[in-house]
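Please keep the sequence and the 3D view open while reading.

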Amino acid sequence: MADEKLTPRSENYSEWYNQVIQRAELADYAPVRGCMVVRPYGWALWENIQQSLDRRFKETGHVNAAFPMFIPMSFLEKEKEHVEGFSPELAVVTIGGGEVLEEPLVVRPTSETIIGYMYSKWVKSYRDLPILINQWANVVRWEMRTRLFLRTLEFYWQEGHTAHATAAEAEEETLRMLGIYADFAMQDAAIPVIPGRKSATEKFAGAAASYTIEAMMGDTKALQSGTSHFLGQNFAKAFDIQYLDQNNELQYCWTTSWGVSTRMVGAIIMTHGDDQGLVFPPRLAPIQAVIVPIYRNEEEQGKVMPVVEKIRSQLAAFRVKVDDRTEVTPGFKFNDWEMRGVPLRIEIGPKDVEKGTVALARRDKPGREGKAFISQENIVSAVTGLLDEIHISLYNRARDFRDAHMYDPKDYNEFQEVVQNGWAFSWWCGSADCETKIKEETKATTRCIPLDQPGGTGKCIYCGQPATEKTYFARAY
RNA sequence: CGGGGCGUGGCUCAGCCCGGCUAGAGCACACGGUUCGGGACCGUGAGGUCGGCGGUUCAAAUCCGCCCGCCCCGACCA
């Protein structure tokens, strides 16, 4: 049950974030530091995210499987960069069944190694390729500083792992999945994202190249919302994933991996939320429309409820909830469901019964502006149309916000200023040195080198050396 | 791991500096009644080893020591 006002976003963004998650019952803190309990309402959102992504994976030929959570420590050590990147944040099991284990088991931080091991057993011939497997799983990374959904010790995600005969095929797969993530973000989550390549320092430990979709949150900070990695032959060589080609010659595979996590829930909260609470994108919202019946006595209740039932059954194609609680007032329910981000509210009271109407209120527009009375006969088309409209308006609002905080600073002085409350899109020479200094001096990191380049050349925003690509810089989560 | 804050009914906190009878408030919860188209109200009630351990004292939520935990801000990260 919600109590009174949230901390406004403008006053304290992270406080707002924590409060809205707990009050809307998306998640709660677990008894273990850095761990969260995903509550039913939060999990329902995640399930819708899962379905949207899973459908796209299946459409592109992928199949699901499940690999073990425990990975022999020695597996991690087979890929040098990989183990260096992950060792600081590993959880390791050293005792099992009361006995000290001969070899410690790592709780998977990601599954490239164990899947690589299995692929080496499964792949013999070019005829076995490609392998296109995804798994929905939990993983553990022992983070210092945690935030609900954004960074927890344990999180849920999907990780796709594919093996291919050629580099070109694997690169194509990497970009195909990046495209699927971008499509999902825009079409279902109503989040505008920028697809691009990660810099060498930001890329996945063990990858040849990493790609990302980057989104701007409501406080202008960037959130990496999905990643897709071209792993080259790094893991194929470490795990001996080889096949015989048409010429009977032994070749190493080319592999990829790609993932989206429960962090996406954080992205949705921070992209669309407002001072009233959550605003869920209609295509992912666990409840797309809530019906609030309004009556003062049993007589009115007797007239209102049949209409509520009628409307509910007409809207069977949507995720609809009837809030029939008697212990709280309609006014309370309005605020409660707004806080929980439900895109549409349908009010049905005695006056509506009389006139054959319902009141329809949209979450993305506050107060009277978003409220309209429509005929009961038109309810299905009205809801269908409004949900689409809300999706579009949420997307546009987020895109406009992002564009309003996007800068192309003329020099480094201006750069330092704009990244305090926005992103900079600047030429960068590509040297890790400039990247590090910029980070030290401004806290802004390279977010991605967008696939979509303006063309031409320029001078590095930091050192002035010739640069061939423009890069997004921002403070990030 | 550094800096800051905090542990008192389910939640938010007061009380602690300056020890003293039975530990308080608001919200939430239960019951009854009046309410109900933008966060209702009245009444009654239930609920607490004051984070843990040890010490000082006639007496500790309060003073002292140690430990544990959480949140926030930084260095690392889906």
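An open sheet holds 11 strands in the order 3-7-8-14-11-10-9-24-27-23-22, and its pairing is mixed. Its edges are strand 3 (63-64) and strand 22 (406-407), each of which pairs on one side only. Helices (H or I, at least four residues) and strands (E, at least two) are DSSP runs numbered from the N terminus; two strands pair if DSSP finds at least two bridges between them. Strands of a sheet pair through backbone hydrogen bonds, either parallel or antiparallel.

The model is predicted: local features need pLDDT of at least 70, side-chain atom pairs count only at pLDDT 80 or more, and totals for chains, interfaces and linings use all residues. Residues are numbered from 1 along each chain as its sequence is written, chains are lettered from A and ligands numbered from 1 in the order in which they are written, and side-chain values use heavy atoms, with hydrogens and water left out.

## Strand 10 and its partners

Strand 10 (209-216) pairs with strand 9 (residues 194-197) in the antiparallel sense over four bridges, and G196 stands opposite T212 of strand 10. Strand 10 also pairs with strand 11, again antiparallel, over eight bridges; here Y211 stands opposite S228 of strand 11. Five residues lie between the strands in this hairpin, and T220 takes a positive phi near 75°.

Helix 8 (residues 263-272) lies across strand 10, strand 11 (222-230) and strand 14 (254-261), at about 145° to strand 11. Axes are lines fitted to C-alpha atoms, for helices over the stretch in contact, and angles run from 0 to 180 degrees between N-to-C directions. T255 belongs to strand 14 and counts as buried because its relative accessibility is 5%. Beyond its neighbours within four places in sequence, T255 is in contact (heavy atoms within 4.5 Å) with T162, A163, H229, F230, L231, G232, F235 and I241.

Strand 24 (residues 445-450) and strand 27 (residues 469-474) pair in the antiparallel sense over three bridges, and T446 has F473 of strand 27 as its bridge partner.

## The surface near RNA strand B

RNA strand B is surrounded by 41 residues, and the closest are R33, R145, R151, Q224 and D352. Of the atoms of RNA strand B that come within 4 Å of the protein, sugar and phosphate account for 43%. A residue is near the strand if one of its heavy atoms lies within 4 Å of it. Helix 10 (330-339) is among the elements that supply at least two residues, and helix 10 gives the most, with seven residues.

Note on methods:
Buried means under 20% relative accessible area, exposed over 50%, partly exposed in between (1.4 Å probe, protein chains only).
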